[in-house]
Amino acid sequence: MKPEDLNLAFNSCLEQLQAGVPLETVLRKYPQCSADLRPVLEAVMAVWEARGSDTVPVAAMARSRAHLAEEVQRRLAVAPPINFWQRWYRSLRFATVPMVILLAVIGFGLSGLASVKALPGEAFYPVKLAAERFTLSLPASADVRLAREESFDNKRLQEVEALSEQQREQEVEFSGFLTLGEDQVWRIGKILLDVKPEMRQDLTALEEVYVIARADLLQDGSAVLQGVEPRLYTVIGQVQQVEATRLQVDGVWIQLAPEAVVADLPVVGQDAVVSAVRLIGDRLQAVEIHNGKLPAQDDEAAATEQQGETKPASNDSLSPTPDSKEGDGTEGHSYTPTETPSVEQTRPPDHEENKTPKPTSNEEGKGGKTPQPGHEETPTPARDH
Amino acid sequence: MDSDTLLARARELDNQALAQIHDLYYPAIYRYVNYRLDDPQLVEDIAAEVFVRLLDSFHRRPGDVRDVRAWLFGTASHLVFDTLRHKYRRPVEHLEDHEAISSSDTPERTAELNERQRAVRYAIQHLTADQQQVLSLRFSLELSLEETANIMDKSVGAIKTLQFRALAALRRRLESKEVE
């Protein structure tokens with residue numbers, strides 16, 4: 001017999017016994033399991049028999065009640081009555097920790113969601129930029145870093161387009177290749193630039209170069225250019241090959257323009273620090289080349305930056321960017337964009353002679369000259385990895 | 001006053017609500033303790049202590065008590081076990097306890113009944129804690145399966161199995177005692 005069936009039979013027998021049916025009569029109804037049920041039912045009857053009197057002494061109950069009342073009074077005398085705020089605090093206390101965690105999660109989630117679509121000038125936009133800076137600070141290979149940079153640059157362009165569509169006035173900064181269309185309108189990506197006459201010469205020097213631009217968006221959707229500068233990339237590593245018009249550093253081919261500032265052309269096997277601009281077609285063109293160790297003053301500059309001071313990169317002394325110093329997973333071989341001071345409207349006295357865009361220093365003023373179409377004769381560098 | 005309101009007021013140490021809870025549950029608690037212990041004075045003390053503990057719980061951790069009845073039986077069960085444990089360490093036999101004389105029975109019959117009661121109680125005290133509790137609740141207080149399951153914080157199916165095993169164990173122990 002299954003235990004379930006035996007349990008059912010037991011419960012049925014129990015009800016009959018409680019109703020006063022004799023045990024033998026009850027068991028006769030379950031002949032197949034009477035052998036199992038008999039000892040158990042006899043035990044039940046023994047328990048009932050041993051139960052004794054159900055009478056509860058009234059005096060004992062009264063004493064217990066009086067004792068309870070005394071204990072209540074004693075506790076109330078020790079502790080003042082709980083007021084509304086204490087009750088509120090007690091109920092809150094149990095829920096405080098999960099509530100704080102929940103609110104924090106919701107808060108972070110909402111601010112994160114809000115920041116994703118935030119545009120310049122909006123409250124959550126700094127959160128968005130901070131998240132991007134955090135992403136860039138994560139260890140990654142040079143290729144991944146560059147891809148992330150480009151992704152964020154594209155977002156900046158989309159933000160400017162969105163602001164322009166919404167006809168909002170806002171100061172913006174964005175990056176991209178500077179091009180001159182057949183309609184003689186300067187563009188960065190799809191953004192049409194409103195250029196002041198005195199800046200046109202500078203833009204010509206930077207045509208087809210990857211630049212950082214600052215502009216004022218007006219309600220009519222136009223972007224009035226305030227400043228533009230080439231984005232510099234620093235390549236640090238061992239020189240692998242040197243040819244007449246290019247060299248390979250850390251697997252990256254870099255064009256050697258005649259205008260490049262070359263302190264001492266490195267030979268194969270030497271360490272080199274190359275500052276380069278990026279041209280359309282993913283080519284890099286050297287602006288400055290240093291071989292061997294970095295100049296001593298750059299250590300000072302790096303130290304200054306680590307102390308939180310801002311110091312523009314110097315023209316005659318290249319230094320790795322703070323990013324590369326912090327470690328990007330390449331262990332001393334980096335390929336990172338470098339922030340440079342703006343070319344803007346002020347140019348060094350010798351800018352006509354200098355045909356290569358290059359970083360400027362405070363001492364030399366600002367300015368640089370992009371190589372003109374002739375530079376396309378330079379063999380296209382290709383990355384080995 | 002419904003049970004939720006009663007409980008809420010009792011948590012605030014309202015005298016009337018506490019007295020109402022006491023009068024409602026004292027008889028059942030007394031019978032439960034009385035069924036498992038031989039000493040009437042001890043039974044009275046433990047039954048009273050159960051309600052003082054309830055007061056303490058309301059005072060210190062008001063959220064702990066959600067089902068007053070289950071809480072009272074659980075506490076009574078713990079107190080009984082503590083007492084029995086203490087008693088086993090220092091066993092004292094009080095054979096004269098609980099010898100209620102019924103006027104309708106002969107002295108021989110009464111003596112036989114008392115002997116039988118003592119044997120069953122003694123056998124029950126040698127069962128496991130859960131088995132003792134399920135026998136007390138189901139066959140002394142005659143609570144339903146659902147009520148017993150609620151008090152013991154088990155499923156109804158588990159209570160069915162437990163009570164069956166408890167009775168079988170009790171029967172075996174009584175038989176072995178008879179053989180002795």
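Which residues in H6(B) are buried? To find out, select helix H6 of chain B, residues 129-140.

**Before you click**

This is a predicted model, in which local features need pLDDT of at least 70, side-chain atom pairs count only at pLDDT 80 or more, and totals for chains, interfaces and linings use all residues. Residues are numbered from 1 along each chain as its sequence is written, chains are lettered from A and ligands numbered from 1 in the order in which they are written, and side-chain values use heavy atoms, with hydrogens and water left out.

**Stop 1: helix H6 of chain B**

Helices (H or I, at least four residues) and strands (E, at least two) are DSSP runs, numbered from the N terminus. With H6(B) selected, colour Gln131(B), Gln132(B), Gln133(B), Val134(B), Leu135(B), Ser136(B), Leu137(B), Arg138(B), Phe139(B) and Ser140(B): these are the buried residues. Buried means under 20% relative accessible area, exposed over 50%, and partly exposed in between (1.4 Å probe, protein chains only). The helix is mostly covered, with ten of its twelve residues buried. From first C-alpha to last, H6(B) reaches 15 Å, close to the 16 Å expected at 1.5 Å a residue; the expected span is 1.5 Å times one less than the number of residues. Just past the helix, look at Glu142(B), whose phi is positive at about 55°.

**Stop 2: the cores**

Leu135(B) and Phe139(B) lead you on to the largest nonpolar core, where they are among the residues that touch the most other members, along with Phe10(A), Leu37(A), Ile29(B), Val33(B) and Leu170(B). Helix H2 of chain B (residues 15-36) gives this core its largest share, ten residues. Such a core is a set of buried Ala, Val, Leu, Ile, Met, Phe, Trp, Tyr and Cys residues joined through side-chain atoms within 4.5 Å. Now centre on Leu37(A): leaving aside residues up to four places away in sequence, its contacts (heavy atoms within 4.5 Å) are Leu6(A), Ala9(A), Phe10(A), Cys13(A), Leu27(A), Tyr30(A) and Phe164(B).

**Stop 3: between the chains**

Show both chains: 41 residues of chain B are in contact with 40 residues of chain A. Together they bury about 3800 Å², 63% of it on carbon and sulfur atoms; buried area is the accessible area (1.4 Å probe) that two parts lose on being put together, summed over both. Pick Phe139(B), Phe164(B) and Arg171(B), which supply 16% of the area that chain B buries against chain A, more than any other three residues.

**Stop 4: strands of chain A**

Next, select E1, E2, E3, E5 and E4 of chain A, which close into a barrel in that order with mixed pairing. Two strands pair if DSSP finds at least two bridges between them. E2(A) (residues 186-188) and E3(A) (residues 191-194) are antiparallel over two bridges, and Arg187(A) stands opposite Leu192(A).

Then move to E7(A) and E8(A), a hairpin with two residues between the strands. Val249(A) has Val252(A) as its bridge partner, and Asp250(A) in the turn has a positive phi of about 55°. On E8(A), Val252(A) and Ile254(A) point one way, Trp253(A) and Gln255(A) the other, and all are buried.

**Stop 5: two loop residues**

Finish with Glu208(A), in the loop between H8 and E4 of chain A, with a positive phi of about 65°. Glu208(A) is partly exposed at 27% relative accessibility. In chain B, Asp153(B) sits between H7 and H8 and has a positive phi of about 55°; this residue is exposed at 71%.
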